[in-house]
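Thanks for coming. I will keep this short and talk about aromatic rings.

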Amino acid sequence: MIEKALAGVIGLAALFGVTLLCIGAAGFALYFLLVGPLGPAGAAGVLALVCLLLLGGALLAVRGKSPLPPALQDEDSLAVRAFLIAKQHPVAAASAAAVAVAALGALAVKNPKVIATAVSAFLAGRSAGRH
């Protein structure tokens, strides 16, 4: 069960990373499309306005949800609580996933041996469970 949950979290983090990459590419494309007629400052201003409008739309979409989450039971495990909170607040969960991905990326750049050790330990654990 934990492996399925971990695979789901990794999948969501990967999906969020790809989404951020696409949004960044779209932002660069819009900037370079507008830099000719408007100049660098004008293109940056229009891009900021578009980002502000998208953020406002996302906030209005999230605002329609119920502000008070249902009471969590004490017997629920930490993983169940985390998935309930992620279900109730998907924007916050996506932000947390982005922070986690950024932290792992910074760790990988700073010290790749730690990531290699973690991956080898994960793979060793998976192979040990199959025998």
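This is a predicted model: local features need pLDDT of at least 70, side-chain atom pairs count only at pLDDT 80 or more; totals for chains, interfaces and linings use all residues.

Residues are numbered from 1 along each chain as its sequence is written, and side-chain values use heavy atoms, with hydrogens and water left out.

The protein has four helices and zero strands; helices (H or I, at least four residues) and strands (E, at least two) are DSSP runs, numbered from the N terminus. Of its 131 residues, 5% count as buried, where buried means under 20% relative accessible area, exposed over 50%, and partly exposed in between, with a 1.4 Å probe and protein chains only.

Now the rings. How many aromatic pairs does a search of the whole structure find? It finds two. Rings of Phe, Tyr and Trp (its six-membered ring) pair if their centres lie within 6.5 Å; planes under 30 degrees apart count as stacked, over 60 as edge-to-face and the rest as tilted.

Phe28 and Phe32 have ring centres 6.4 Å apart and planes at 15°, so this pair is stacked. Both lie in helix H1, residues 2-63, four residues apart, which is about one turn of the helix. Tyr31 and Phe32 have ring centres 5.4 Å apart and planes at 75°, so that pair is edge-to-face. Together, Phe28, Tyr31 and Phe32 form one aromatic cluster.

Phe32 is exposed, at 56%, and Tyr31 is partly exposed, at 22%.
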